[in-house]
Amino acid sequence: MSPSRSGRGRAPSGPRPGTYPVRFGTAELLRDADRPNAWMLSVDGVAQSYVDLDDPTNLEFDYVRRLGDLVDFLPPGPLDALHVGGAGCSLPRYVAATRPGSRQLVFDADEPLIDLVREQLELRSVPKLRVRIEDGRAGVRSRHDATADLIVIDAFERATLAGGLATVEFVTDVARVLRPGATMLANISDGPGLRFARRFIATLAEVFPHVVLLAEPSVLRGRRFGNLVLAASRLELPTAELTRRAASSPYPARVVHGDELRQLQGKAASVSDAEELPSPTPPDDVLGLF
């Protein structure tokens with residue numbers, strides 16, 4: 001096996017393009033042709049992370065930019081943050097850069113993938129960031145009450161949301177770990193009809209009094225498969241500011257909340273642990289977008 005495909009060690013010259021076996025498939029590391037120190041990480045053809053080693057505030061994926069916008073509107077200062085799902089850790093890098101002094105813990109179940117990111121994408125250099133190889137539900141369950149300012153759910157396995165992360169039981173546990181004024185963020189994906197998204201909205205609304213959704217208009221109208229980002233909190237979220245930011249973003253999005261969000265939810269019921277409801281798998285022709 002050639003060094004560029006071994007997945008072991010780190011070349012003195014920096015990251016090495018190539019393919020690497022990981023727990024949930026085969027990872028591929030590709031250099032951005034326009035940015036010499038920026039990298040795309042995918043698993044089985046599904047884009048997982050874009051990491052700009054020169055500028056961690058450069059968030060190339062539209063849904064990660066929306067997560068970053070939500071982080072920007074949290075109260076000022078360092079954050080105690082938990083991330084369920086890591087891959088290249090684009091958002092933790094952003095938090096570390098924009099909120100100096102933040103303490104962050106990532107839970108990710110794919111140890112070979114995290115080893116690859118440590119060795120090739122300078123993960124160890126991110127200040128006050130720890131990564132624990134652990135299932136996200138078990139990781140959140142291990143945390144003490146009211147100890148986090150932010151919890152981010154962005155964990156996919158083979159292009160579907162990792163199991164058990166969309167249920168009332170799990171979201172209730174997330175709420176337990178969050179401080180009273182803290183926020184939960186989640187990235188999900190869905191297609192025409194938004195059946196999964198509607199049920200996840202119902203799940204969040206059962207636990208949190210304030211929920212906001214951000215998505216590209218064509219995804220909201222059910223014209224294509226895509227990502228939807230949600231925020232939930234016990235306190236009112238800054239919807240006016242988010243709407244202005246989303247409208248002027250390089251990736252314009254709609255912000256849905258209040259009566260409009262309840263109308264979108266409709267009669268959809270929340271999801272419980274007793275029910276098997278995997279998130280939808282994207283069509284083959286859009287796999288590279290996620």
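# Salt bridges, strand pairing and a helix contact

Glu 275 counts as partly exposed, with a relative accessibility of 29%; on this scale, buried means under 20% relative accessible area, exposed means over 50%, and partly exposed lies in between (1.4 Å probe, protein chains only). The model is predicted: local features need pLDDT of at least 70 and side-chain atom pairs count only at pLDDT 80 or more, whereas totals for chains, interfaces and linings use all residues. Residues are numbered from 1 along each chain as its sequence is written, and side-chain values use heavy atoms, with hydrogens and water left out.

## Salt bridges

A search of the whole structure finds 18 salt bridges, each defined as a side-chain nitrogen of Lys or Arg within 4 Å of a carboxyl oxygen of Asp or Glu. The table lists examples.

| Pair | Closest N and O atoms |
|---|---|
| Glu 134 and Arg 132 | 3.7 Å |
| Arg 245 and Asp 69 | 2.9 Å |
| Arg 199 and Glu 275 | 2.6 Å |

Glu 275 is the salt-bridge partner of Arg 199. Arg 199 lies in helix α6 and Glu 275 in the segment after α9, so the pair ties together parts 76 residues apart in sequence. Helices (H or I, at least four residues) and strands (E, at least two) are DSSP runs, numbered from the N terminus. Arg 199 counts as buried, at 11% relative accessibility.

Arg 245 forms its salt bridge with Asp 69. This pair links distant parts of the chain, 176 residues apart: Arg 245 is in helix α8 (residues 239-248) and Asp 69 in helix α1 (residues 62-72). Asp 69 is buried at 5%, while Arg 245 is partly exposed at 30%. A network of salt bridges links Arg 65, Asp 69, Asp 72 and Arg 245.

## Strands

Strands β1 (residues 18-22) and β2 (residues 25-31) pair in the antiparallel sense over 5 bridges; pairing requires that DSSP find at least two bridges between two strands. These strands form a hairpin with 2 residues between them, and Val 22 has Gly 25 in β2 as its bridge partner. Strand β2 also runs antiparallel to β3 (residues 38-43), joined by 5 bridges.

## Helices α6 and α9

The axes of α6 (residues 195-207) and α9 (residues 258-265) come within 8 Å and cross at roughly 125°. Axes are lines fitted to C-alpha atoms, for helices over the stretch in contact, and angles run from 0 to 180 degrees between N-to-C directions. The two helices are therefore oblique to each other; angles under 35 degrees count as roughly parallel, over 145 as roughly antiparallel, 65 to 115 as roughly perpendicular and the rest as oblique. Arg 198, Ile 201, Ala 202 and Ala 205 in α6 meet Leu 261, Leu 264 and Gln 265 in α9, contact being heavy atoms within 4.5 Å.
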